[in-house]
Amino acid sequence: MSITFGPVPSRRFGLSLGIDLSPGAKACNFDCLYCELAAAKPTDTIPNPPNVEEVIEETKKALAKHHDTEVITITANGEPTLYPYLDELITALQSIKGDRKLLILSNASTIDDPKIRQVLAKLDIVKLSLDCATKRCFKRLDRPLDAEKLDAIIEGMRKFRQIFTGMLVIEILVVQGINDTDEEFEALAKALKKIRPDRIDVGTIDRPPAYAVQPVTYERLESLAKHLEGLPVSIVAKRPKSTKQHFSREDILAMLARRPLTQEDVDTLFDTASKATLTQLLQEGLLQKTTIGSTVFYTLSS
Ligand code: SF4
């Protein structure tokens, strides 16, 4: 089984070369209803993990072939922080990465462990999942080995933010009938305000899930995202074709006072005249444009 894959273009992070730390079989301590891998009993062990030398050799070969790689993504057929030699691997990857960024995609299940926080703090970008902020929802949706850990995971994320100077992204995946409620998003907003991530990606199912669950609509994501007022939210979902509307200066300023807008939001929602008004507001210095990962955000000037 190959340890590296890609590179694949990622709109969120750039051209990404993947490293799979569990190439033989799925090894995850969650059994999420929406998982794009087959359903499997949760476990906290990766069977026969590749050794660090093998991973580094394969990565070097792949990088030599694909010079344009922008990001090296540590992932797994499951949860990469279960890999027993993660610290050693990250140190070795740092020495070969050049000017590429190192990213990990984790379900956050181990972020309550101070040792894992220290190891992940060496990366450039860390993406952690947080689908639910209540135990009942966490149990139903992510089906973890240990649902009692949720509060410790949220606290672990908050502590991680304090030591991590790179880019912290939190991903929320919304499933119809489970975490698509106003109450759950109120609870998530409370947790996220404590964690203070650089970006929050809110999405829904877009690949065949392990269990028979359904996505929510783009409009529902928009409406749930309103609970995350003031936070840097990026909605990651297929946009409806014709939702272009006209917004005045005041409308735009009021929208941005609630939450930042991404370039994708602007392209989906703004008609041509509204886009011109947005540019005007930028020129007047009332707004600012920042890029977090590959996502462009418009916010009110501070
Ligand atoms: S954490 Fe990721 S790999 Fe594990 S079950 Fe959930 S979606 Fe699948």
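## Two helices side by side

Let's start with a pair of helices: the axes of α1 (residues 52-65) and α2 (residues 86-96) come within 10 Å and cross at roughly 25 degrees. Angles under 35 degrees count as roughly parallel, so that is the label α1 and α2 get. Their crossing is right-handed.

Who does the touching? On the α1 side the contact uses V52, V55, I56, T59 and K60, while α2 brings E88, L89, A92, L93 and I96. Sorted by class, the contact of α1 with α2 has 7 nonpolar residues, plus 1 polar and 2 charged.

Keep in mind that this is a predicted model.

## The sheet

Next up is an open sheet with 8 strands and mixed pairing. The order is simple to follow: β1-β2-β3-β4-β5-β6-β7-β8. At the edges sit β1 (4-10) and β8 (233-236), each with pairing on one side only. On average, neighbouring strands of this sheet are turned by 25 degrees against each other, ignoring direction.

In general, strands of a sheet pair through backbone hydrogen bonds, in either a parallel or an antiparallel way. Here, β3 (residues 71-75) and β4 (residues 101-106) run parallel and are joined by 4 bridges. If you want to find a spot where they meet, look at I74, whose bridge partner in β4 is I104.

## Around the ligand

Which residues are around the ligand? They are C28, F30, D31, C32, C35, L37, G78, E79 and N107. This shell divides into 5 nonpolar, 2 polar and 2 charged residues.

Definitions and conventions. Residues are numbered from 1 along each chain as its sequence is written. This is a predicted model: local features need pLDDT of at least 70, side-chain atom pairs count only at pLDDT 80 or more; totals for chains, interfaces and linings use all residues. Two strands pair if DSSP finds at least two bridges between them. Axes are lines fitted to C-alpha atoms, for helices over the stretch in contact, and angles run from 0 to 180 degrees between N-to-C directions. A residue is near a molecule or strand if its C-beta atom, placed from the backbone, lies within 6 Å of it. Ala, Val, Leu, Ile, Met, Phe, Trp, Tyr, Cys and Pro count as nonpolar, Asp, Glu, Lys and Arg as charged, and the others, Gly among them, as polar. Angles under 35 degrees count as roughly parallel, over 145 as roughly antiparallel, 65 to 115 as roughly perpendicular and the rest as oblique. A crossing is left-handed if the near helix is turned anticlockwise from the far one by less than a right angle, and right-handed if clockwise. Two residues are in contact if their C-beta atoms, placed from the backbone, lie within 7 Å.
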